[in-house]
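User: I'm new to reading structures and would like a close look at one part of this one. Could you take me through it slowly, and then show me what surrounds it?

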Amino acid sequence: MQSVVFPNKVLPYLLLTPQIVLTVVFFFWPASQALYQSVLREDPFGLRSGFVGLANFRAILSNPDYLHSLKVTVVFSLATALLSMAVALLLATSAERVVRGRNIYRTLLIWPYAVAPAIAGMLWLFMFNPAMGTFAYILRRNGFHWDPLLNGNQAMTMVIIAAAWKQISYNFLFFVAGLQAIPKSLIEAAAIDGARGAKRFWTIVFPLLAPTTFFLLVVNTVYAFFDTFGIIHAVTGGGPAKATETLVYKVYNDGFVNLDLGGSAAQSVILMIIVIALTAFQFRFVEKRVHYS
Amino acid sequence: MIENRPISTLVSHLVLVIGILVVALPIYYTFIASTHTSIEIVRPPMSLLPGSALVENYGEAIGGGVERVVGVSLERLLFNSTVVALAIAIGKIAISFLSAFAIVFFRFPLKMLFFWMIFVTLMLPVEVRILPTYKVIVDLGMIDTYAGLTLPLMASATATFLFRQFFLTIPGELVEAARIDNAGPFRFMRDILLPLSATNIAALFVILFIYGWTQYLWPLLVTNDAKMNTIVIGLKRMVDFADASTPWNYVMVTAILAIIPPIVVVVLMQRWFVKGLVETEK
């Protein structure tokens, strides 16, 4: 809050109007509808609906399909976050060590950020599609039975790689910023004490990078939970046999394809709780990070 | 550099080069595919060197080839994506700028309530309220309109926060000086606040343009008419119809054209992009 302000009484409301109107119409109203519908059961034609309390939630949480989808999402998110962060950290530490060409490397590494997740998935699909992908052909010719359209684990591997690939740029830039914030004097002191590269990395750089790492872990988890819908939808369609059906994909599928409105709304509410928890976690952590620096 | 060890530097260069190859591979592969004929693409192994059909593929795909497959021309898809990305970026910046201005430079009842209302939207990404938001759009008759494609994505807390944080660092003396000189709030906004915010606006613009261009779930839901598809959705629909007669060369051309504009924006506006990314922290 500024100490000096303008005296107008009505103007601030007018300035706020566009954002508040959009927020109410497209955020609060739909979110309240999701809450409301999550306690109703409606027939698929939308003719009748009745209050069923928490029955939708009970039905979902005891539905093996939902629990399976939850497990798929957790595996997918963690694998995507860890793979992408590990690669990005390796690249960032390498970029820190070179002097010449650093900017060129950075320019060449930030592209994938600009690629839509759905297209990232399709690009990998072009290469590894069992029917026409050249790399799928190479795998098969070398005796590896590659068919992500039938094998759930292979489909999962493919969407994880596509999702992680897309996120490398983001993690790379944050790790570079994190590495640059580490005081050089600490590393020099360790070098004088005789600590070599790997030892310096694990005892000094990595612990000091922890705030960045935690922050990225949360951001990547949120990304894998919500922003990867396009990858799943475009590449596997949740299949084969629901092997890659994440929670967001299931909300979409149950609501728009299977027309189970109450169930879909209840899933939305559960997702909201997950986002709120993750955001709260992130904020607590971001505060800490500010304090840290 | 702490110590000069040529071998370790060499290894670093090697790691970076391999990293770049991995990062570039999918895009390179698709670009190469877009220079081969459809027959060469579906019969693996495809050569990883450029083919001979570059000019034909791009010429035909733009000159009606894509339109025959999905019923909408490539130019129209690119146009739609550009409109959506620009509208989301500019709209979001404008409304966030105004609301941050109101929150920082005025004192009025219920201010904190509005602030929290905006803040809470961080926790409600479109993915968790798909169905009811879709219903709102249907009720408002906004299916297959640019308004329906962009308005629901315009309200968000991140840009408002960024502006708020920045406005708070502006010295109160500037406001005082403006008031003494008899400048009203609009004059102050136009002559002082806007020029000072230029870098922040550029940074946000890059991030939001990419955000708008790469949208998937929302355009998928609110467009029934092929003419209103964005290029990402158009590409998905081309792949959906995949059968023996799918013109894969057009698919590859569309994929390349779908990723080039945002890549150009990121690479050309790299400085602001990095700043925007680090400061909005999504």
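This is a predicted model: local features need pLDDT of at least 70, side-chain atom pairs count only at pLDDT 80 or more; totals for chains, interfaces and linings use all residues.

Analyst: Now to your part. Chain B is split into domain 1, residues 6-62, and domain 2, residues 69-280.

Between the chains, 82 residues of chain B are in contact with 84 residues of chain A. On the chain B side of that contact, α1(B) is the top contributor, giving 15 residues. Overall, the chain B side that touches chain A has 61 nonpolar, 14 polar and seven charged residues.

Let's zoom in on one partner of α1(B). Helix α5 of chain A, residues 117-128, packs against helix α1 of chain B, residues 6-33, with the axes 9 Å apart and an angle of about 65°. That angle is why α5(A) counts as roughly perpendicular to α1(B). The way α5(A) passes α1(B) is a left-handed crossing. From α5(A) come Leu123(A), Trp124(A), Phe126(A) and Met127(A), and they meet Pro26(B), Ile27(B), Tyr29(B), Thr30(B) and Ala33(B) of α1(B). By class, this contact of α5(A) with α1(B) has eight nonpolar residues, one polar residue and no charged ones.

Helix α5 of chain A has another partner in chain B. The axes of α5(A) and helix α13 of chain B, residues 231-240, come within 10 Å and cross at roughly 35°. This crossing of α5(A) and α13(B) is left-handed too. Here α5(A) brings Ala118(A), Ile119(A) and Met122(A), while α13(B) brings Val232(B), Leu235(B), Lys236(B) and Val239(B). Sorted by class, the contact of α5(A) with α13(B) has six nonpolar residues, no polar ones and one charged residue.

Finally, what do the records say? An unreviewed UniProt entry lists "transmembrane region" for several stretches of chain B, including 7-29, 83-106 and 113-131. In the model, residues 83-106 of chain B are 96% helix and 0% strand, with end C-alpha atoms 34 Å apart. Residues 113-131 of chain B are 53% helix and 0% strand, and their end C-alpha atoms lie 27 Å apart.

For chain A, an unreviewed UniProt entry lists "transmembrane region" too, with 113-139 and 201-226 among the stretches. Residues 113-139 of chain A are 67% helix and 0% strand, and 28 Å separates the end C-alpha atoms. Residues 201-226 of chain A are 96% helix and 0% strand, with 33 Å between the end C-alpha atoms. UniProt also lists residues 70-282 of chain A as "domain: ABC transmembrane type-1", again from an unreviewed entry. That span of chain A is 77% helix and 0% strand, and its end C-alpha atoms are 21 Å apart.

Technical notes:
Residues are numbered from 1 along each chain as its sequence is written. Chains are lettered from A and ligands numbered from 1 in the order in which they are written. UniProt positions are given in the numbering used here, feature names are shortened, and annotations may be inferred rather than shown by experiment. Helices (H or I, at least four residues) and strands (E, at least two) are DSSP runs, numbered from the N terminus. Axes are lines fitted to C-alpha atoms, for helices over the stretch in contact, and angles run from 0 to 180 degrees between N-to-C directions. Angles under 35 degrees count as roughly parallel, over 145 as roughly antiparallel, 65 to 115 as roughly perpendicular and the rest as oblique. A crossing is left-handed if the near helix is turned anticlockwise from the far one by less than a right angle, and right-handed if clockwise. Two residues are in contact if their C-beta atoms, placed from the backbone, lie within 7 Å. Ala, Val, Leu, Ile, Met, Phe, Trp, Tyr, Cys and Pro count as nonpolar, Asp, Glu, Lys and Arg as charged, and the others, Gly among them, as polar. Domain bounds come from an automatic or database domain assignment.
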